[in-house]
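Look at the sequence and the structure shown here. The paragraphs below go through the fold step by step.

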Amino acid sequence: MGDQWGGPGFHLAVLRESQDFWEDRSNEIVEPAERELEADLAGLAAVLTGRWGAPETIDLWPYLGFDNPDPDFRAREPLGFLCGVAGNMRVWRLPNSERWIGLALGQADPEWPFQLLAAVGEAASLVHRRV
């Protein structure tokens, strides 16, 4: 298990990480690394789907706040972090709970590793409001 961090109402973990791409960003290196983590994500998603049903796909772009007129807008965590490294995530809303669990494949920069990320957050953090 990789890095883990959290705060009030959320927890994030890097479940798996590829190599970095500082030395070589060629398609022959990058694409197999990405496919391997995509396969891991699909396998874990199948297990979670078996337990909690089909996930919802959440587009993380709106959580960046570009459409928010408040210049100090910040998305609630863990979405604040996730929207900076991933385009979307698969989310399972946990029954009888105000929490969700999500999986995403992220990469902070083209030279950095791909990361298979798991997140747990409060249901209220998924509410996206335009101000």
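**From the helix to the sheet and its cores**

Just after helix H1, Gly53 takes a positive phi of about 90°. Helices (H or I, at least four residues) and strands (E, at least two) are DSSP runs, numbered from the N terminus. This is a predicted model, in which local features need pLDDT of at least 70 and side-chain atom pairs count only at pLDDT 80 or more, while totals for chains, interfaces and linings use all residues. Residues are numbered from 1 along each chain as its sequence is written, and side-chain values use heavy atoms, with hydrogens and water left out.

H1 covers residues 27–52. Its 26 residues should span 38 Å at 1.5 Å a residue, and the end C-alpha atoms are 36 Å apart, which agrees. The expected span here is 1.5 Å times one less than the number of residues.

Which residues of H1 are buried? They are Val30, Ala33, Leu37, Leu41, Ala45 and Leu48. Buried means under 20% relative accessible area, exposed means over 50%, and partly exposed is in between (1.4 Å probe, protein chains only). These buried residues of H1 pack against E2, E4, E5 and E6, where contact means heavy atoms within 4.5 Å. H1 lies across these strands and runs at about 165° to E5. For such angles, axes are lines fitted to C-alpha atoms, for helices over the stretch in contact, and angles run from 0 to 180 degrees between N-to-C directions.

Next comes the sheet. Six strands form an open sheet in the order E1-E2-E6-E5-E4-E3, with antiparallel pairing. Two strands pair if DSSP finds at least two bridges between them. The edge strands, E1 (4–7) and E3 (56–59), each pair on one side only. From one strand to the next, the twist averages 25°. Strands of a sheet pair through backbone hydrogen bonds, either parallel or antiparallel.

E4 and E5 form a hairpin with five residues between them, and Asn96 in the turn has a positive phi of about 55°. Seven of the eight residues of E5 are buried, so E5 is largely enclosed by the rest of the structure.

The loop between E5 and E6 holds Glu111. Is Glu111 buried or exposed? At 17% relative accessibility, Glu111 counts as buried. Setting aside residues up to four places away in sequence, Glu111 touches Asp20, Phe21, Trp22 and Arg25.

Now follow the chain past E6 (115–122) to Leu126, in the segment after that strand. Leu126 is buried because its relative accessible area is 8%. Tyr63 is 63 residues apart from Leu126 in sequence, but 8.9 Å apart in space, C-alpha to C-alpha.

Leu126 and Tyr63 are among the residues with the most contacts inside the largest nonpolar core, which has 19 residues. A nonpolar core is a set of buried Ala, Val, Leu, Ile, Met, Phe, Trp, Tyr and Cys residues joined through side-chain atoms within 4.5 Å. Helix H2 gives the most to this core, with four residues. Apart from it lies another core, of 15 residues, among them Phe21, Val30, Ala45 and Ala118.
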